[in-house]
Structures are given as C-alpha cells and as structure tokens.
Amino acid sequence: MAKAAASADDEIFALRLDRSANDLWPMLDGLYGGHPDYATFCTNLEKTLRKAWAARPADLKRLDLRRDLEPDWFQRADMAGYVFYIDRFAGTLKGVLDKLDYLEDLGISYVHLMPCLKPRPGDSDGGYSVMDYRQINPAYGTMAEFEEVATALRARGISLCIDLVLNHTAKEHAWAKKAAKGDARYQDYYLMFDTPDQPDAYARSLVEVFPDHAPGNFTHYPDFGKWVWTTFNEHQWDLNWANPKVFLEIVEVMLFLANRGVDVLRLDAVAFMWKRLGTRCQSEPEVHMILQALRACSRIAAPAVIHLEEAIVGPAEMLPYLGRGRHDGKEGNLAYHNSLMVQFWSSLATRNTDLMTHVLGTHFPETLRNATYATYIRCHDDIGWAVTDEDAAQKGLSGPGHRAFLSDFYEGIFPGTFARGALFQANPATGDKRISGSFASLAGLEQAISHGDVSAEDLAIQRILMGHALIAAFGGIPLIYMGDELASLNDYGYRDVPDHAHDSRWLHRPRMDWYLAAERHHGVGPAARVFAGTKHILARRRANPALHAQNGTRILDVGDSGLFAFARLAPTGPVVCLFNFTENWRPVAADWLRANGVSALHDLLSDHPVEVTAGQIWLPPYARAWIA
C-alpha cells in the first residue's frame, strides 16, 4: 500500500513538474544560463522540489488537489482578510487560538500574521530583518505552535498568510555571519564590494528608503573590509539574486514554510531584488523572471500556496507583479492595490473624485488573469502619496502641490482638516512627506471625540464604513488592518518605547483593545457601530457572488466630482457601486443607472430597494451603495 501511494505521489509530481516546466526553466535559463554551475543548479533544484513534495503532509496534499480543482478559490466573494501583529493582537501564537471566534464573528477567511519569523534582536524594522527563516520569533512561540495555529485556521476555512522577505536578511543571519568571517561562498550571497567605487557609481541613481534614520544605500564594515548593499537599514543586507545558490536557498525556505501550513506567502520588498547600474534598481525585468520562477516552484511542490507580491509602486510599475506580457497569469496571484488606497485618501481630503476616476480608469485593466488585488485602506505602513505629476496635471493640479497638500491635511495642520496623523520620513531634498496614522484618526474620529462633536463623530464613522465598503466591492481580497473594525485611534505611547520612538508608523500599530472588542455587540459608541457596519459589509459581500474577482471592474463617470462609481461586470448583470465622498446629499439620475445596465434598482449592500424621487436617487453624506 505504501509503495502504491509513493508511486502515485511520484506520478503527481511528474505531472506538475511537466505542467510548470515552460514557466520555470526558460526563466532560469535567462537568469542563470551563463553561470558555470548552472547544470548542477538545475539538478539540485529539481531534487529540492521533489524532496519538499515527498515531505508534504497528507492533509496539505489533499488541499493541493482541491485548489487545483478550484483555482479561483482566492478570488471568490467569501474571501475577506484580517492583518495583525501577533503580540499586539493576542500576545503569542497560543493566544491567537483563543481569538479565532472573534475572527469568525467578523467574517474573516484570510489571516495575515505580520512578520513572525525569527528577527534580529533589538530594532528589526518591525520584524522584517530576519535572522532565521525556519524559526518563529521566540517571543511569539515555536514552529510547532505555529503549525497548530495553521491547522486550527484551516479547520475553520481561514487561509494563512505570512511574510517572506526576499530582498535581504538580517546581518545576524547564518549566511551573513559566515560572509562577515570571510567565507567567499557566503560573501557571494550578498552584494559586497572591496572599494567604494562601485557603491558610489550605483548610488548616483538610487533613492533613499529611510532618509531620516538610515540614509544611503551602502554600509562600510572596516572589521572585514567590505562595503555592503543595505537598501533599507544597516542591519538588513541585500541578497545577490544573480547568484543561483540564493534562488535555491530561498526555494528551500519557501517550501519549508508551505509544508508548515502556510497558504499565502507575502513576498516582501520584491521590487529591489535585482540591481542594474544607472537605474533605481527597482522593478528590473529580472525581478519578474525570478518571481515567475518562484511561483512555478510553488505550483510544482505546493500548489495550494499562492504568492502575494509586496510592491508599493505606481500603477505602471505595479501591474507587472500580477503578470503582464510573457508573465501574464504566471507571476503573483495577489498584489496590493496601493493606488486605490492613495486615491481614497486623496478624494476624502478634496471631496473631489476626478483624480481617482482618472487614475483608476486609465491605468488599470478591467480584468486580470489568475490574479487579483489585495485591497486595503490602511496597513501597518505609512502612506506615500503615489500621485504622479502627469496624472495630477491631467486634472489641473500641481503634482508637488497636491502631494504637499495631502501631507499637510493628514498631518492635521491644514486649515479645516478633520485628520490627525504624523509625518514619516520627510525628505527636504525631494519634498517627499509620508504620513502615519490609524484609519479612524485620519478619517476624523479622534478630532471629533476630542472636541465632543457628535455630528463630526458620525461623519467620521461614515467615512470609515465607506472605505470598508469600497475595498469589499472593488474586486480582490479586502484586507482589514487590526483594530480598524473597532475604529481604533492613534497610539501615542510609541514615543516612550526606545525601539519605536524614531518610527512614527508605530502610531497606527496599537495593541488590540479586547475590553472594547468585548462590548462590540452591546455598546453604542464608535467601536460598536463600526464593528457592526464592517461585519454587515463583509456578510453582504459573501452573499453576492457577483463580486467574484474574475468579474471585471469598470470605472464609471457619474458626472458629479463628489461621487465615485464603478461597475462589477458579473455574468448575471452589472453591479454599479456608488460612493459619496462629501458631507452633502448628492443625486444620481435613475436613467444613468439604467444606461449602465441596472434595471431593478436594488441595493445589494443594504438588501433593500432603492427609492427613486423625481427620477433621482439621493445619496446621503459618505453613502455607499451596490446597486443591481
């Protein structure tokens, strides 16, 4: 019996290897074909894939089969995500097990555990400076406990996402330690230089990611006489992806994590992986070749696993991470819709959606193949105002002026603003000013409460719920950042924590308020109202398969700059989604809705008929409607 099972497993592996061969080997030929050890590398890679498949637990192999038969599983309308830091949400991995009822109550089917692999001691860039990919942060628990959480989530139909940092490791990683001791093999795992000549040449075209506390892109280490490429922080050493041994090492790590029960690998900092002199060293063509090859490796040895590629860049640069041209349908399955997030905040500040309609309607296709967006309003990171000068000019705006206005508005210093936030990494040389702040505080709730203004408080709550309704309907997997469902405010206590005080992003990384959560079904304050509204939005999303991500999203022009609209192009007929970005009531002609394919005039979000008065429907302040 065991022999027959092994034989069947071998046959399945051979079939999957053959299925993905054309996605894998041509990419590797292009990347590493000229390397002297290329033939050995290819042999070792196939051995690695075969070994990982043989070690894959039986229940995960069944999940592989199920997802091969249901390849759209991550695009369905019942997918809704929740993102949290383990320690700030539940203390430990064991604590997460006690909070699964809460996630299920909200309607969550996808959980992203923020960086949980073993980080370096002290400042670890929020966990993104990893010193061991095969161990869990000991503050959270053990790998055995991680597997226990993965199994418990899977039993409830909740997919698990974790971070895998691809651009760099911590300088305390075993590879880096060997490199620092002079081991030539491991020095070639990183980008190290004997003199400053090459670093100086590269630096002329590079941008600084953290100009305030980590200026520059290279660090000199006199103790071993090398200049090391450190894009992000001194303690994060960039990997040399031109070395095929690095590719092989990361595949082993990737499949190790897949076999622990991970469903989604969030591949971090992917834009920076390939270096080319005279460029920004971001989103080079080889990056997409690497990512397609990594995706093919997953499809061969762990096909239940999909890839989320973290590239917070402009639309033209972001879309290739979901596969364009020869990579179409073969690269990332998910990518963050950064532009949707930025345009939400831009339109909220200006009460004008013209730029939003232009950007989302011009730069993004209606449909994607074998891929979709991770849609979000807030996350653990800052907000960078990714509005190009060209797009701003199309709407009569100055790019630098508009970006500066948004920073001032959300910092809370622009006259008449409702927001309270903080600057992050302001760069006087470029004028770039990014913003930190929680969803609720940026949307006006903190200021309203501090002023005791009940009317302003209600408007802030409506802004929050409009944002949740927007990401739930747009197409993709909506991601709710921990606490946003309870309208959590800024946490200014980060200033008193030495490892956090220099980084204003901790402003919007508060600890979960479980006392507030306990009152979510009984209270009448903002937390209870936002929780109930968010839960309702996700329930209505689940109830409407028309919101499946394979159904296209077409941006519509309502003819009112205070409104934003799009149609979800379902086979059963379009769903027209409307959002009022102003504090005023706005009319929409019923004939306009009918002209866009809607005849019944039923709001799927409230599940009530839409009232028509004198040929118009009226949208209250910050209204949201999904009309079919």
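How many of the six residues of strand 20 (residues 575-580) are buried? Six of the six are buried, so strand 20 is largely enclosed by the rest of the structure. Buried here means under 20% relative accessible area, exposed means over 50%, and partly exposed lies in between (1.4 Å probe, protein chains only). Strands are DSSP runs of E of at least two residues, helices are runs of H or I of at least four, and both are numbered from the N terminus.

The model is predicted: local features need pLDDT of at least 70, side-chain atom pairs count only at pLDDT 80 or more, and totals for chains, interfaces and linings use all residues. Residues are numbered from 1 along each chain as its sequence is written, and side-chain values use heavy atoms, with hydrogens and water left out.

In a regular strand the side chains alternate between the two faces of the sheet. From strand 20, V575, C577 and F579 point one way, while V576, L578 and N580 point the other way; all are buried. Strand 20 pairs with strand 19 (residues 563-569) in the antiparallel sense over six bridges; two strands pair if DSSP finds at least two bridges between them. F564 has F579 of strand 20 as its bridge partner. The hairpin of strand 19 and strand 20 has five residues between the strands, and G573 takes a positive phi near 125° there. Strand 20 is also joined to strand 25 (residues 624-627) by four bridges, and these two run antiparallel. In strand 25, R624 is the bridge partner of F579.

Elsewhere, N233 is found in the loop between strand 9 (226-229) and strand 10 (236-238). N233 is buried, with a relative accessible area of 6%. The side chains of N233 and Q236 are joined by a polar contact of 2.8 Å. Such a contact is a pair of N or O atoms within 3.5 Å; within protein, one must be able to donate a hydrogen and the other to accept it, and residues adjacent in sequence count only if both atoms are side-chain atoms.

A search of the whole structure finds zero disulfides, a disulfide being a pair of cysteine sulfur atoms within 2.5 Å. C161 is in no disulfide, and the nearest cysteine sulfur, that of C116, is 9.4 Å away. C161 counts as buried, at 0% relative accessibility. C297 is likewise in no disulfide; its nearest cysteine sulfur, that of C42, is 11 Å away. C297 counts as buried at 0% relative accessibility.
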